[in-house]
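Here are some brief comments on the model you sent.

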Amino acid sequence: MHGELQRIVDAVAARVGRPALIEDRRQRVVVYSEHDGPMDEVRRMSILRRQTTPEVIAWFRRMGVLTAREPVRTPADVDLDLLPRVCVPIWHDDLLLGFVWFIDDDGSMTDADIATATGAFTDLSLALYRENLLGELASQREAEATRTLLVESPQARAHAVRALLEEGTVAGDGTTTAVVAQLAPATGRHPDEVARIALEQALVATRRWLGVRESLHMVWPDHGVLLICGGRIAGRPTPAAAAGHLDEALGQATRGLSSVERTVTGIGQSRPGLVDAVQSYREAVQAARVGVQLPALGRVVSWAGLGIYRVLSQLDGRHLDVAGVHPGLERLLRDDAHQVLLETLEAYLDLAGNAHATAEKLRLHRTTLYYRLQRVEQLADTDLKDGNERLCLHLAMKLGRLTGHYRAPS
């Protein structure tokens, strides 16, 4: 199929005397002609990576390429290192199939040149339609099997594993680890389609790095999951290394997107096989969501390293809040004037009640520390010499961080 498309793009480029590039409707590079004319950084990186960055996709969409039925001339953009272009959308009835792009740095491509190029677009429309259909069918089968592994019954999951192995989608079954990429939206925003494209690009980049048949991926509205399968083999990257690669890919893909404030990558515990991947997935989701709430944990957060947050993240917030764990601490949290006391208390509890270590960490005189702790006892109606009270206070503070009621710096 790519051979037919290559023949068409070469013919189109020859007709107009300038390089041409064809993308699918999600602006992934399909084929391109020989390039011997002006080339900008966007075109160069599209060819090297076979995809356009989400930042550039968003820019082109603002130019109206998604809805255009006629050729669109797009201007240069210095910030993106983008030369002027002519974009010709390819439609099959009411289905957008993709785009043909020509760089037009000097504005010399006339309407007659564009009309000459479109003479070959009947064959192109049919070829792209077949390419899209075959690609979508294969992608849908893999996506449905992956979704089944993450949400369905054990019997359905076992059937999905057999289908993936029989079709050769994965090289083999074995130890499986879920890695989740979570998008933290900007204030008042929700992840948009461009953000989800960025998410999928990062997941696909990491799959290619791992080996496409060594993993599966799935994209949900606000997060994506990578299932690393097939067991441990010498030389194969560890789940932690894969998570690090995914984190870097996410950072690059979401750079410049206004709808995404930051990203967090969560790692679940490994399980014996794909049929049990759902358990690792749930852990990875929780780890990533805790990481969104607690930026101090870093951009890559493992379920195994969550500590007390492993327990707190599984509790239903409607049944347990700070007041339910320690009413006195909840009173302190309501008043910003007590922020210093709360920071002192947390440090003291984190250091197992070691006054000397707490004073050193906070750079306080011991007398000042004791005064602050005494004020906490008075205002929260508690006794820091009581082990049960200290446990309740510590849990309540960590729950406050997890729920956003307490946001002191770590």
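The points below go from the overall layout to one interface, then to a record annotation.

1. **Layout.** This is a predicted model. The protein chain splits into three parts: domain 1 covers 1–136, domain 2 covers 172–313, and domain 3 covers 317–403.

2. **Domain 1 against domain 2.** Taken over C-alpha atoms, the centres of domain 1 and domain 2 lie 32 Å apart. Ten residues from domain 1 and twelve residues from domain 2 make up the contact.

3. **Buried area.** Interface size is often quoted as the accessible area lost when the parts come together. For domain 1 and domain 2 that figure is about 960 Å². Carbon and sulfur atoms account for 47% of it.

4. **Charged and polar pairs.** Two salt bridges are counted between domain 1 and domain 2. Arg61 and Glu193 form a salt bridge, with 3.3 Å between the closest N and O atoms. Three residue pairs are in polar contact across the interface of domain 1 and domain 2, with both residues of each pair at pLDDT 80 or more.

5. **The domain 1 side.** Which element gives the largest share of the side of domain 1 that touches domain 2? Helix 3, residues 54–62, does, with five residues. By class, this side of domain 1 has four charged, three polar and three nonpolar residues.

6. **Record annotation.** An unreviewed UniProt entry lists residues 341–398 as "domain: PucR C-terminal helix-turn-helix". In the model, residues 341–398 are 78% helix and 0% strand. The end C-alpha atoms of that stretch are 15 Å apart.

Note on methods. Residues are numbered from 1 along each chain as its sequence is written. This is a predicted model: local features need pLDDT of at least 70, side-chain atom pairs count only at pLDDT 80 or more; totals for chains, interfaces and linings use all residues. Side-chain values use heavy atoms; hydrogens and water are left out. Domain bounds come from an automatic or database domain assignment. Contact means heavy atoms within 4.5 Å. Buried area is the accessible area (1.4 Å probe) that two parts lose on being put together, summed over both. A salt bridge is a side-chain nitrogen of Lys or Arg within 4 Å of a carboxyl oxygen of Asp or Glu. A polar contact is a pair of N or O atoms within 3.5 Å; within protein, one must be able to donate a hydrogen and the other to accept it, and residues adjacent in sequence count only if both atoms are side-chain atoms. Helices (H or I, at least four residues) and strands (E, at least two) are DSSP runs, numbered from the N terminus. Ala, Val, Leu, Ile, Met, Phe, Trp, Tyr, Cys and Pro count as nonpolar, Asp, Glu, Lys and Arg as charged, and the others, Gly among them, as polar. UniProt positions are given in the numbering used here, feature names are shortened, and annotations may be inferred rather than shown by experiment.
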